[in-house]
Amino acid sequence: MWSLPLLRHTEVPPKVTENFILSGYRFPNYSLRECLASAFRPTNETGNFWTHFLPIFVFTYHFLEVFTWEGAPEPSNPFFYPFWNYFLGVLYLLLGSSLAHLLNSMSLIIREICFFVDYGTISAYTVGSSLAYYYYIHPQAGIPEIGFEGQNSTQRKSLNADEESWLSASFHTQVQQFFESLYIPSSCLIAIICVITCCNTRQCWRKYRYAVRTLVFLLPFFISSTPVFYRLSMSSPSSSSPHLFSTMAAFFYRHCFWLVVSAIFNISKIPERFSPGIFDIWGHSHQWFHCCTFLSILDELQMIKVEMWDLLLNPTLVLSSATPPRLPGPTLWSTYGVMVLLQGCIACVIAWFGWQAYQIYQPEQKKIKGH
């Protein structure tokens, strides 16, 4: 493994090269075993692998903390269905990204498929976030009768007079209809569109591919974050849990901050843009992009946990007769069913683009093997 040469950007196919990364490329005919072993050898993909593989264990540790809370239901309780789907979305994202960077040197065709899968996992993550936002953060979220007592089951979360007045406005009715009928389908549709767009950047718009891939995921962010914006717009420190509300808001703002920073790294290609060849192995922009992305996910997880804790403290949401009923509780179909259906659609998209990549790169791959 260590005797395999690392190549310069002039020695590999142009489709393999990254802007301002001049060396450290693996030859695009590695075996599976050689790709796995390259995780322990300094290449220009080693840092990309570890900056998303190690966070899997950090995220899992913070995720499992919820099940140790006093008064929390069993992990299999329907209350946790959205949370488990969020976990699966994040796991797909981190594992898919790390494996894409590790295995992409097996062939040009496999390289394309690896990154198609990577884009698909990002979309799965955004829908997983949407499910968690919908059931835990939306102002009308509540815990239905699911067979457990919260830590303070006698507490009730009520809405103050100003919020009730605002809730009764026609705007609220329209927003409520959007959440009940369109929010989750919109998140899924936008996620699929994003996968198609990002896969297209492998062949089209290559000059602006990083900007397109980054900006195209702004739309699912705004769609999936609608419950958070809605919650922030109607709540205030005078609500029933001012400390928890301010904590949730702080985590969300930090989540947004890290997303912006990660986007800047991914588009600008700083620092390697100013010193080509210096950051080929360690410290280039994609590694910083991975780190900032994970920090945003970690803050998002903490934000969701704050809202879950609030629901467990206040298990019943009592509204006046002028307000609409709370959102329905999670079910297997509305959570796992949505994710399975989404994954099926994404798999079809990946299969289509994978077939296109096979037709494009098969002749070139034969030349490389012959050489």
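My entries below go from annotated spans to cysteines, nonpolar groups and charged pairs.

**Ground rules.** This is a predicted model, so I noted that local features need pLDDT of at least 70, side-chain atom pairs count only at pLDDT 80 or more, and totals for chains, interfaces and linings use all residues. Residues are numbered from 1 along each chain as its sequence is written, and side-chain values use heavy atoms, with hydrogens and water left out.

**Annotated spans.** I looked up the UniProt record, an unreviewed entry, and it puts "transmembrane region" at residues 47-64, 84-103, 115-136, 182-199, 211-232 and 336-355. UniProt positions are in the numbering used here, feature names are shortened, and annotations may be inferred rather than shown by experiment. I then checked two of those spans in the model. Residues 115-136 are 100% helix and 0% strand, with end C-alpha atoms 32 Å apart. Residues 211-232 come out at 91% helix and 0% strand, and their end C-alpha atoms lie 29 Å apart. Helices (H or I, at least four residues) and strands (E, at least two) are DSSP runs, numbered from the N terminus.

**Cysteines.** How many disulfides turn up in the whole structure? I got 0, counting a pair of cysteine sulfur atoms within 2.5 Å as a disulfide. For Cys198, the nearest cysteine sulfur belongs to Cys194, 6.3 Å away. Cys199 has its closest cysteine sulfur in Cys198 at 7.2 Å, which is too far for a bond. Cys198 is buried at 0% relative accessibility, and Cys199 is buried at 1%. My labels: buried is under 20% relative accessible area, exposed over 50%, partly exposed in between (1.4 Å probe, protein chains only).

**Nonpolar core.** I listed the residues that touch the most other members of the largest core, which has 86 residues: Phe59, Phe83, Tyr86, Tyr136, Ile304 and Met308. A core here is a set of buried Ala, Val, Leu, Ile, Met, Phe, Trp, Tyr and Cys residues joined through side-chain atoms within 4.5 Å. Which helix gives the most to this core? It is H4, with 16 residues.

**Nonpolar patch.** On the surface I found Leu215, Leu218, Phe222, Phe229 and Ile267 in one nonpolar patch, with about 440 Å² of accessible area together. Patch residues have over 30% relative accessible area and no salt bridge; like charges are joined within 9 Å, nonpolar side chains (Val, Leu, Ile, Met, Phe, Trp, Tyr) within 5 Å. The areas come from the Shrake-Rupley method with a 1.4 Å probe, and for residues only the protein chains shown count as cover. Phe229 sits in helix H10 (residues 226-234) and is partly exposed at 33%.

**Salt bridges.** I counted 6, taking a side-chain nitrogen of Lys or Arg within 4 Å of a carboxyl oxygen of Asp or Glu. Glu18 pairs with Arg111, closest N and O atoms 3.4 Å apart. Glu18 is in the loop between strand S1 (6-7) and strand S2 (25-26) and Arg111 is in helix H4, so this pair ties together parts 93 residues apart in sequence. Glu18 is partly exposed at 30%, while Arg111 is buried at 4%.

Next I followed Arg231. Its closest N and O atoms with Glu307 are 2.9 Å apart. Arg231 is in helix H10 and Glu307 in helix H12, so parts 76 residues apart in sequence are tied together. Arg231 also bridges to Asp310 at 3.9 Å, a link across 79 residues. Asp310 and Arg231 are both buried. Shared partners join Arg231, Glu307 and Asp310 into one salt-bridge network.
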